[in-house]
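Here is a short briefing for a reader who is new to this structure. Look over the sequence and the model first, then work through the points below.

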Amino acid sequence: MNKMIATIIFSLFSLSAFAATVDIDLSGATTSTLIDVDGASFSQTFTGQTASGSAISGSPTGPLSLTPSGTIRVVSFDPGCTGCDSGNSLLTPSSFQGPLSILFDFNADSFSWVMGSSVAGSNVAADLFSNSGSLINTVLISMLEGYNKYSISGLGAFAGITFRDNNDPAGVRYMDMSYNSVVGVSEVPIPAAAFMFAPALLGLMGLRRRAKNKVA
């Protein structure tokens, strides 16, 4: 009986990780210096960063947030690659070579997107940031020619990403994005759980007390 009561009490306070795929919906996006859509927001830089051509300087300040900077164009496009969806794409300033910063609505542990390159072997760097603005990791992506799907995973949870130092002579466009969100949630909201289980706990303890009295 004690074990049963302990198990119920523990379940009220245990935490678990909730994960789900979030598709970033660019269907309603319009050209702007700051684009906010379901799933994520976009700008050239996070607060604390400065864009110059394809490069970026400075570090994000916490909590991680976007600063409206260069205008990001939204253009409908069909990449024509296997497993890629057509729809709105994002083009950054400076001949489509400028940085692109993405702030996710939820922490992510993986991110996938479609990106086009005119020259195989062109590179773009991706900086992964935490909610506090700390750099978690930097990934150097070697691009294939044409439009292809890319992904980043296995580097822990991150709140945002900045693409920078793109050296493709024709620049790139970004589209068809999704990420795996990771959110810490209580299995059962504590106030509601306490309300639901308090009568049961009292009943179990009452039964145990009566059983003891009968034995005595």
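Are Phe-46 and Phe-129 buried or exposed? Phe-46 is buried, and Phe-129 is buried too. Keep in mind that this is a predicted model. The protein chain has 216 residues, with three helices and 14 strands.

**The chain as a whole**

- Of the 216 residues, 39% count as buried.
- The accessible surface of the protein chain is about 10800 Å². Carbon and sulfur atoms hold 57% of that surface.
- Consider the contacts between residues at least 6 apart in sequence: 73% of them join residues at least 24 apart.

**Aromatic pairs**

- Across the whole structure, a search finds ten aromatic pairs.
- One of them is formed by Phe-46 and Phe-129. Their ring centres are 5.8 Å apart and their planes stand at 80 degrees, so this pair is edge-to-face.
- Phe-46 sits in strand 4 (residues 45–46), and Phe-129 sits in strand 11 (residues 123–129). The pair therefore ties together parts that are 83 residues apart in sequence.
- Trp-113 and Phe-163 make a tilted pair. The distance is 5.1 Å centre to centre, with 55 degrees between the planes.
- Trp-113 belongs to strand 10 (residues 100–117) and Phe-163 to strand 13 (residues 146–164), so this pair ties together parts that are 50 residues apart in sequence.
- Trp-113 has a relative accessible area of 1%. That is under 20%, so Trp-113 counts as buried.
- Phe-163 also counts as buried, at 1% relative accessibility.
- Ring pairs join eight residues into a cluster: Phe-104, Phe-111, Trp-113, Tyr-150, Phe-158, Phe-163, Tyr-174 and Tyr-179.

**A charge over a ring**

- Arg-173 lies over the face of Phe-77. The distance from the ring centre is 3.9 Å.

**The disulfide**

- How many disulfides are there? The count comes to one.
- Cys-81 and Cys-84 form this link, with their sulfur atoms 1.9 Å apart.
- The link of Cys-81 and Cys-84 is left-handed, at -110 degrees about the S-S bond.
- Cys-81 is buried, as is Cys-84.

**Around Asp-168**

- Where is Asp-168 found? Asp-168 is in the loop between strand 13 and strand 14.
- Asp-168 has 0% relative accessibility, so Asp-168 counts as buried.
- Two polar contacts involve the side chain of Asp-168: one with the side chain of Ser-118, at 2.8 Å, and one with the side chain of Ser-122, at 3.3 Å.
- Leaving aside neighbours within four places in sequence, Asp-168 is in contact with residues including Gln-97, Val-119 and Met-143. Ser-117 is also among them.
- Asp-168 and Ser-117 are 51 residues apart in sequence. In space, they are 6.5 Å apart, C-alpha to C-alpha.

**Around Asn-180**

- Strand 14 (residues 174–186) contains Asn-180.
- Which side chain makes a polar contact with the side chain of Asn-180? The partner is the side chain of Asp-109, at 2.8 Å.

Terms used:
Residues are numbered from 1 along each chain as its sequence is written. This is a predicted model: local features need pLDDT of at least 70, side-chain atom pairs count only at pLDDT 80 or more; totals for chains, interfaces and linings use all residues. Side-chain values use heavy atoms; hydrogens and water are left out. A disulfide is a pair of cysteine sulfur atoms within 2.5 Å. Buried means under 20% relative accessible area, exposed over 50%, partly exposed in between (1.4 Å probe, protein chains only). Helices (H or I, at least four residues) and strands (E, at least two) are DSSP runs, numbered from the N terminus. A polar contact is a pair of N or O atoms within 3.5 Å; within protein, one must be able to donate a hydrogen and the other to accept it, and residues adjacent in sequence count only if both atoms are side-chain atoms. Rings of Phe, Tyr and Trp (its six-membered ring) pair if their centres lie within 6.5 Å; planes under 30 degrees apart count as stacked, over 60 as edge-to-face and the rest as tilted. A charge sits over a ring if NZ of Lys or CZ of Arg is within 6 Å of the ring centre and within 35 degrees of the ring normal. Contact means heavy atoms within 4.5 Å. Accessible areas come from the Shrake-Rupley method with a 1.4 Å probe; for residues, only the protein chains shown count as cover.
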